[in-house]
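Have the viewer open and follow along.

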Amino acid sequence: MTRSSRAFLIGWIVLLLLCLLYSGKRVVQDKAIASNILGLIPQSHDGALQSLAQDELLAASERSFVLLVASATAEKGLAAAQALENALHDANLIPADDSAALPRQLANLYHPYRQQLLTTQQRHYLNHTDVQTIADAALAKLYSPVRSYSPYPFTDDPFNLAGGWQTALFGGADRFLPSAVPSVLDGEQHWYVLNGELYASPFDQAVQRSLTTLLREFTAPDVRILRSGLVFHAAEGADLAQSEISTVGAGSLLGIVLLVVLVFRSAWALWSILIVLGSSTLFAVTSCLLVFDNLHMVTLAFGSTLLGLAVDYCFHFFSKWRASGNALQARKLISKGVLLSLVSSAIAYLLQLMSPFPGLQQFAVFITAGLLMACFTVLIVLPLVLGNRVLAGPRLTGLFSSVVLPLYQRVATLRWPVICVLLTALLLAVAAVARQGASDDIRLLNTSGDTLLAEERAVSELTVRVGSQRFFIIQGDTKQEMLQATEQLSDSLWPQHKDDPGQADTSNSLFSIARFIPSLEQQRQDHLLVQEKIYGPGRALEILCQSLPDLCKQNAPAAADFLTTLVPERMPAQLQRALKLNAVLGDGFSLALPLADSLDPVVATQVAGTIDAVDYVDNVANITQLLAQLRVQVSALLIGFIACLTGASLWLFKRDGWLLITSLLLTVVYSLALSAAGGLTLFHVMALLLVMGLTVDTSIFYIKLGFNQDTWLAAALSCGTSLLAFGLLSFSQVAVLEQFGSVVFSGLIFAWLLTPLIFCLFQPRFQYAR
Amino acid sequence: MLLLAIAGPVTAAADDDLLAELANRAGENENVAGSFTQQKNIQGLPLALESAGSFNYSKREGVIWHTTSPLDSVLNISAAGLRYDNGEPVQGSSILAEMLLGVFTGDLSQLTQYFTIEVSGKPLAWRIVLAPQSATVAEQVKQITMTGAHFTQRITIIEASGDTTEISLQVQQDNDAEP
């Protein structure tokens, strides 16, 4: 080895050491491996306001979770719930519950305004009931054995307007039973409700492990726990990604090692491959960390397929090394092919950068950087290290010359029947793809298991959960304008409530600031109504006083002046946080969230369209639409890429260029037809870019190096290792990975089988290449 | 992580027996009717509010509480909640109804989730004190005391606001037959 070669090698080792140090620090110390599955979903917002609103909603809700606990009896369930609550506190997962103070805090807030706050039901009752009946009803309640919730003394609020108002603040409160741990009834079953708020981010893996371990240890045969909250989905997503990485990565590596040992039977070959794979993976991880500042676990899962791709260069190198008997000679033979392959693959992968999916962008950088290092290691480092060593060992000439080549030669003699079969299959495949149509629903990409999704649904049905994917944005120059617009929105969504307030329930109301602080205009109207029906001269209070003379002689409740100080700005910050109102009140805008998430999006959109200040946001529909647009754009890009590739192939390879394009088109269409059952998605189309890269790779090596035992063996080994990686991926429970894996898996098989067939059919010289 | 001991009524073993006997006795009562007098002390009112009327308990339908003096008012107490004779429901009253039904009949098995129960005395001269376990119930009720013999005879309800209600029950009919 010359001095310059030695210096070069040392430089390469130093580079890898620096990569190792940097990556090690970022991963271990800075915890740069992200598991936030939401990071894979693109921002669909039409503007900064929607983005801000979504961020605020997420920030307010992401640490929340709900656990429902039940057992064979109500007593056992209560005991289990209390024990679990204590365990969560002891494990420092949730802060102490201070919600017991909330009713008193609300009572203190609303006390001065008790004569100007009415629910829809109270308003309807006062509007449609004469003052005598109002007084009689109040008297009857007074003599009742018990009264409903009354936050103020009788003399302060004789008609208990405040009790009705404050009870109605919490939608669905009547379904909760006031046991020591609040509970809900599902038939005869008592479910005890634990509302938790994590101290740390739900994507913190230490928090995820701590919570899931605690719940797993707590689960007993007679204790059932239902879970709801982002932390559980995040934990499941992280576990899934880790499992995928282990499965695909380990599977690929094992397959590669077995194939190398079986075929080449050389320790040098094995070590060379491990060096290539190790250096390419390390460089890929470092590049991602430098570009994106973090690395997503799904990228690592995807990136496990790098092993199968990088090893392609090794196999071609080994084949020529064994044939020529010299590593440097082997480099000369394969360098053009490898470089062309690298460029075409890099273009195919880097096109993923155009997608709005951060995960796919990372994947593009990961694979491209990994292939770059793999190419460098194979073409520069390995020849320097291996020098004049010879790769000995039996050559597998038997299989190619006795089986593969004769088979292709025989098929090539049936030229026109084979062409008819291929064309017929092509037409059927195109028809199949057209019939399958497209499927762009973002919900198909959910990574959570069926059990967790079922528990989430059950918790939503039993409790009142406010969704964060569909909501209204209300804008206004002042808070009062926003409050009035919100009230107008509610009236427009449920106009029947005015005439029949009994219909108002959890499923048809909004969570918004207006629910807790009505507009001053509404308060003014309610104050007038209360004075007119209750506190005015000759009204219900005076009638009540006739039956209770003591009431009006001493401590008589009096009409209160209208106060203008109950406004959002005056609500204590602590109370806003406790009620989660900080999520729905922004600067210049407020949000209104449908309770129970049962509002028809079509109706919501129509109603929002009639009110200037209101916009309806449906993130599910928006992202679905975005996916559809991207699918069309990427499809157009694909077609453009094929067109450019056609030109480049014809220019570089002349007539052989048609062989490349034919193989490519057949592989692409066949693999799509086989894999996209259930509808074509953006991810199927993006996977085609990888299929194209792989097919072009194979074709280039056949064109440059000929269809012979060495090239075929290298292609077969490359295909085999990649098949293992992508085949395992096609069984993934993560929809994105499954779609990618299935397209590339079938694409690899077609590329491996069809490319030599096309070459032999249309270019006779390939039938006899040795 | 081990489960803690199962929570339940805070009573001694002998008191558990008394409670169980009262619950059994309550289960035997299919229909009970009688009269009541009620005295309510409201914070801010110097004189107590006195009322009287009749009640009719049916195991299947609950209690019809008919106040006849000083006003005529009917309150239906059932597992579904409290409802006045004009059909108007009392908001958020299902737990109140459950409490009243348990209090009237002496069957407190449904109330162990919401109250700690202190029972003393003998089968024909017993005393039960209920104290709320949850902050939500404590917002409304501070304590309920019941005394009785074969049937509940006296109920004292102290509300969180300081208002108190004392009810005396006189059973006129103890009939196991279906109405």
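This is a predicted model: local features need pLDDT of at least 70, side-chain atom pairs count only at pLDDT 80 or more; totals for chains, interfaces and linings use all residues.

## A four-strand sheet in chain A

Four strands of chain A make up an open sheet with the order E9-E10-E8-E11, and their pairing is antiparallel. At the edges sit strand E9 (510–511) and strand E11 (614–618) of chain A, each of which pairs on one side only. E9(A) is joined by two bridges to strand E10 (residues 589–594) of chain A, and these two run antiparallel. If you want a residue pair to click on, A:Leu510 has A:Pro594 in E10(A) as its bridge partner.

Two helices pack on this sheet. Helix H18 (residues 479–493) of chain A touches strand E8 (470–475), E9, E10 and E11 of chain A, and its direction makes about 140 degrees with that of E8(A). Helix H26 (residues 619–653) of chain A touches E8 and E11 of chain A, with its direction at about 65 degrees to that of E11(A).

## A bent helix and a covered one

Next comes helix H30 (residues 735–762) of chain A. With 28 residues at 1.5 Å a residue, H30(A) should span 40 Å, and the 39 Å between its end C-alpha atoms agrees with that. There is a bend of about 30 degrees in H30(A) at A:Leu754, and a proline, A:Pro756, follows within four residues. Of the 28 residues of H30(A), 22 are buried, so the helix is largely enclosed by the rest of the structure.

Helix H7 (residues 161–168) of chain A is mostly covered too, with six of its eight residues buried. Which residues of H7(A) are buried? They are A:Leu161, A:Ala162, A:Gly163, A:Gly164, A:Trp165 and A:Gln166. Packed against these buried residues of H7(A) are helix H4 (102–110), helix H5 (120–128), helix H20 (513–516) and helix H21 (520–535) of chain A.

A:His316 lies in helix H12 (residues 305–324) of chain A. Is A:His316 buried or exposed? With a relative accessibility of 5%, A:His316 counts as buried. Leaving aside residues up to four places away in sequence, A:His316 touches A:Ile334, A:Phe701, A:Thr711, A:Ala714, A:Ala715 and A:Ser718.

## Chain B at a glance

Chain B contains three helices and 10 strands. Read from the N terminus, its elements follow the order α-β-β-β-β-β-α-β-β-α-β-β-β. Chain B has 179 residues, and buried ones make up 45% of them. Among its contacts between residues at least 6 apart in sequence, 41% join residues at least 24 apart.

Strand E1 (residues 31–41) of chain B is mostly covered, as eight of its 11 residues are buried. E1(B) pairs with strand E2 (residues 49–58) of chain B in the antiparallel sense, over 10 bridges. Within this pairing, B:Thr37 stands opposite B:Ala52 in E2(B).

Most residues other than glycine have a negative phi, and most peptide bonds are trans. Here are some exceptions to check. In chain B, a cis peptide bond joins B:Ser69 and B:Pro70, with omega at about 5 degrees. B:Pro70 belongs to the loop between strand E3 (62–69) and strand E4 (73–78) of chain B.

In chain A, A:Lys580 is not a glycine, yet has a positive phi of about 65 degrees. A:Lys580 is placed in the loop between helix H24 (573–578) and E10 of chain A, and at 32% relative accessibility it counts as partly exposed. A:Lys654 likewise is not a glycine and has a positive phi, of about 55 degrees. The loop between H26 and helix H27 (656–675) of chain A holds A:Lys654, and this lysine is exposed, with a relative accessible area of 54%.

Technical notes:
Residues are numbered from 1 along each chain as its sequence is written. Chains are lettered from A and ligands numbered from 1 in the order in which they are written. Side-chain values use heavy atoms; hydrogens and water are left out. The expected span of a helix is 1.5 Å times one less than its number of residues. The bend at a residue is the angle between axes fitted to the seven residues ending there and the seven starting there. Buried means under 20% relative accessible area, exposed over 50%, partly exposed in between (1.4 Å probe, protein chains only). Two strands pair if DSSP finds at least two bridges between them. Contact means heavy atoms within 4.5 Å. Axes are lines fitted to C-alpha atoms, for helices over the stretch in contact, and angles run from 0 to 180 degrees between N-to-C directions.
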